[in-house]
Amino acid sequence: MKVALKIDVDTHQGLGVGVPRLAAMLKREGIAASFYVTMGPDNSGRAIIRIIRNPGFLSKMFRTKALSMYGLRTVLSGTLLPSRPIALAFPEVMRDLKRSGFEVGVHGYDHVRWQDQLDSIGDEDIRNELADAFEAYRAILGHPARSFAAPGWRTNDSALLALEEANLAYRSDTRGRTPYRCIVEGRVLKTIEIPTTLPTLDEVMGLPDVPDAAAAHRFYLGQFKDDALNVHTIHAETEGMGQLEMFTALLRALKERGAEFVRLEEVASSLNAAELPVCPVIRSTLPGRAGWISAQGAETNIATPRL
């Protein structure tokens, strides 16, 4: 069993508090992981507009106990309270991750803006968001980013085409089954897409079948597949804070099953892009998640161009 932990960092608190806790635990357990950090401002409070656009978001807020999980300061960030920088507030945390052997990638610039306004901000602003994110990453770590994970698993043709120019080793923008290459406007992109394959904790937390941490532990043990690459996205604000004990127990149980933990950059380097399936990126919905996400579509019969 191969397990790739994809750790998304969405907020100021997530990077300042959740990431150091996760990194310390992972080092103790000898587990590799890939961290994806939002590089710009923490505008988490502006996500409240989702309640108007999508009533399912409100039920998710109650089900996951978002206020206690994120804290009032984060919930109000960018609205009643000023937004705080994320990556630039904790550059040493990111550098410590690299020094410790973890992978560090880009999780967008303004997470809330990308997730809520991707289709309306236009091609130029998409490129500006990406340019700002990659420049912040370079300023902190001293080298160009080699990976990108879309906020909220939301992407579109403009974003995919812009990222194609960024010379990345891979992207992890979608939900799906297996690594693949995207086809956009009839063009097969060269950049590998490695999708998240498992549901996230905020999607299952509080559901009738998963009422507590013990149930979540049992649920996830049934989700990991012995004969596949399991890409599991967690959040610094959830598993790195209130659910750290449950997450640690899960990792130990997976180790007992013989799981091999790998960084996504290792997965990407082991793949032959020319042999990967070619799939469109489609829009879909998932149980427990409000709104649409980008997902791996059905495999096409288009021959993959040699690279």
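Throughout these legends, contact means that heavy atoms lie within 4.5 Å of one another, and helices (H or I, at least four residues) and strands (E, at least two) are DSSP runs, numbered from the N terminus. The structure is a predicted model, in which local features need pLDDT of at least 70 and side-chain atom pairs count only at pLDDT 80 or more, while totals for chains, interfaces and linings use all residues. Residues are numbered from 1 along each chain as its sequence is written, and side-chain values use heavy atoms, with hydrogens and water left out.

**View 1. The buried side of helix α6.** In helix α6 (residues 91-99), the buried residues are Val93, Met94 and Leu97, where buried means under 20% relative accessible area, exposed over 50%, and partly exposed in between (1.4 Å probe, protein chains only). These residues lie on the same side of α6, because they cover an arc of only 100 degrees around the axis, the arc being that of the directions from the helix axis to the C-beta atoms. They pack against α1 (12-29), β2 (34-37), β5 (103-106) and α7 (111-141). Just after α6, Gly101 has a positive phi of about 95 degrees.

**View 2. Helix α10 beside helix α12.** Two packed helices are described by the angle between their axes and the distance between the axes. Here the axes of α10 (residues 213-221) and α12 (residues 244-256) come within 10 Å and cross at roughly 30 degrees; axes are lines fitted to C-alpha atoms, for helices over the stretch in contact, and angles run from 0 to 180 degrees between N-to-C directions. The two helices α10 and α12 are therefore roughly parallel to each other, since angles under 35 degrees count as roughly parallel, over 145 as roughly antiparallel, 65 to 115 as roughly perpendicular and the rest as oblique. On the α10 side, the contact is made by Ala213, Ala216, His217, Tyr220 and Leu221, and on the α12 side by Met246, Ala249, Leu250, Ala253 and Leu254.

**View 3. Helix α1 beside helix α12.** The axes of α1 and α12 are 11 Å apart, and the helices pack at an angle of about 25 degrees, so α1 and α12 are roughly parallel to each other. Arg21, Leu22, Met25, Leu26 and Glu29 of α1 meet Leu244, Phe247, Thr248, Leu251, Arg252 and Lys255 of α12.

**View 4. Cys182 and Cys279.** A disulfide is counted when a pair of cysteine sulfur atoms lies within 2.5 Å, and by this rule there are zero disulfides. The cysteine sulfur closest to that of Cys182 belongs to Cys279 and is 8.1 Å away, too far for a bond. Cys182 counts as buried because its relative accessibility is 1%, and Cys279, at 1% relative accessibility, counts as buried.
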